[in-house]
Amino acid sequence: ITPHLIAPSMLAADFAHLQRDVDMVNQSKADWFHIDIMDGVFVPNISFGFPVMKAIHQYATKPLDVHLMIEQPDRYFAEFKEAGAANITVHFEACTHLHRSIAAIKELGCLAGVALNPHTPVHLLKDMIADVDMVLIMSVNPGFGGQQFIEHTYTKIRELRQLATGVNDSLLIEIDGGVSLSNATALIEAGADVLVAGSFVFNSANPIDTIEALKLADSD
Ligand code: DX5
Ligand code: ZN
């Protein structure tokens, strides 16, 4: 069994001490940097853009996992790659031509992901499941950190794993929103491969220890 991955969300970092927080993640047992890009249109919030992402990339020693909560994301794939993206995830709800978007991300050499809002059923991915490297299940409504985890997420993880079995057995399932030590083990048991955690990590007394604890949460 491959160990699950931990991706701290830099949305919850202290932007006045960004290098310090990037170093913390570098030194921790985290696997990826989760980078939340919000345009104020697809979601009711604006996070940060290329200059901040490039600043993170300058110091990061781990892959940048970029979650695009923006309309018409295809316009910017090349620029995100240029800014250091290893993984690019687009929202199902923001892509009229999802098949083309996923192909464009792969063409750049990035791992290609699709994200589902809480209201979007897993079965809508049936005709795309073989083509994506990763599915990100939103376990809160996207736009803000620090929201309450939606319990229905467990059902979606199981449905997604079932949908992918035999068609895409290496599919990564990423869970984003309200992840903490109170649900990490259950999420992994349900079939999650990647856990994103923002406020739980950065608001904790010792983020390095918190990341290690999330990394150790598993089905054993
Ligand atoms: C929400 C973002 C999440 C967020 C998670 O729209 O996609 O990545 O930063 O934050 P927490 O872990 O605080 O829910
Ligand atoms: Zn995210």
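Student: Across which strands does helix α5 (residues 153–164) lie, and at what angle to β6 does it run?

Tutor: This is a predicted model, in which local features need pLDDT of at least 70 and side-chain atom pairs count only at pLDDT 80 or more, while totals for chains, interfaces and linings use all residues. Residues are numbered from 1 along each chain as its sequence is written, with chains lettered from A and ligands numbered from 1 in the order in which they are written. Helices (H or I, at least four residues) and strands (E, at least two) are DSSP runs, numbered from the N terminus. Contact requires C-beta atoms, placed from the backbone, within 7 Å; axes are lines fitted to C-alpha atoms, for helices over the stretch in contact, with angles from 0 to 180 degrees between N-to-C directions. Here α5 lies across β6 (134–138) and β7, at about 160° to β6. Helix α4 (98–107) lies across β4 (85–91) and β5 (111–116), at about 145° to β5.

Student: In what order do the strands of the sheet stand?

Tutor: Strands of a sheet pair through backbone hydrogen bonds, either parallel or antiparallel. Two strands pair if DSSP finds at least two bridges between them. This open sheet of eight strands, with parallel pairing, reads β1-β8-β7-β6-β5-β4-β3-β2. Because β1 (5–8) and β2 are at the edges with a single partner strand each, one side of each has no neighbour in the sheet. Neighbouring strands are turned by 25° against each other on average, direction ignored.

Student: How many bridges join β7 (172–176) and β8?

Tutor: Three bridges join them in the parallel sense; E174 has V194 in β8 as its bridge partner.

Methods
Two residues are in contact if their C-beta atoms, placed from the backbone, lie within 7 Å.
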